[in-house]
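Keep the viewer open as you read.

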Amino acid sequence: MAQGTFVQALRKEAALSGTFMKGRSLMLNGAVLSIEDSGSRFSKNVTVEGSVRGSRGDLYKTHVALDMDEHEVIDYDCDCPAAYRYPGMCKHAIATAPAYLGTSDIAPRLLYTPDAADEPLGVDYK
Ligand SMILES: [Zn+2]
């Protein structure tokens, strides 16, 4: 099986069709106030705990576990109402992943691959 990208993994896990883009917008707008990762940046599995400000100003705690080798989302959680209401990742959990990956120099290549190029980011990662 060909290795996917984190963009594909996050899209696959998103609760609703628009959730990925909402999560990415949150991240780009600075709604992810803090993130804390467990383990080394070089370990296969990384767990990230985030604080993400929702669209109404509420602060939510997120939890995302990533497989850095396979570019898969292993686990996720958030204490917002949508996370209880819908199966799949909410926009806060989605925002947490690129916020973490963005702190690593490998993130632009992992996240902003050509298959995401049809959706302008407003940020030039090249
Ligand atoms: Zn949430």
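What you see is a predicted model.

Ile94 sits in α4, where the buried residues are Lys91, His92, Ala93, Ile94, Ala95, Thr96, Ala97, Pro98, Ala99, Tyr100 and Leu101. Because 11 of the 11 residues of α4 are buried, the helix is largely enclosed by the rest of the structure.

## The nonpolar core

Which residues have the most contacts inside the largest nonpolar core? They are Leu10, Val32, Met89, Ile94, Ala95 and Ala97, in a core of 31 residues. At least two core residues come from each of α1 (6–13), α2 (19–28), β1 (32–38), β2 (45–53), β3 (59–67), β4 (72–78) and α4 (91–101). The biggest share is that of α4, with seven residues. As background, nonpolar side chains in soluble globular proteins tend to be buried together.

## One side of α1

Now turn to α1, where Phe6, Val7, Ala9, Leu10 and Glu13 are buried. These residues span an arc of only 165° around the axis, so they lie on the same side of α1.

How do the side chains of β3 point along the strand? They alternate: Tyr60, Thr62, Val64 and Leu66 are buried and point to one face.

## Strand partners and hairpins

β3 pairs with β2 in the antiparallel sense, over nine bridges, and Val52 stands opposite Tyr60 of β3. The hairpin of β2 and β3 has five residues between the strands, and Gly57 takes a positive phi near 90° in it.

β3 also runs antiparallel to β4, joined by six bridges. Here Ala65 stands opposite Asp75 in β4. In the hairpin of β3 and β4, four residues lie between the strands, and the positive phi of His71 is near 60°.

Terms used. Residues are numbered from 1 along each chain as its sequence is written. This is a predicted model: local features need pLDDT of at least 70, side-chain atom pairs count only at pLDDT 80 or more; totals for chains, interfaces and linings use all residues. A nonpolar core is a set of buried Ala, Val, Leu, Ile, Met, Phe, Trp, Tyr and Cys residues joined through C-beta atoms within 7 Å. A residue is buried if 20 or more other C-beta atoms lie within 10 Å of its own, exposed if 12 or fewer, and partly exposed in between; C-beta atoms are placed from the backbone. Two strands pair if DSSP finds at least two bridges between them. The arc is that of the directions from the helix axis to the C-beta atoms.
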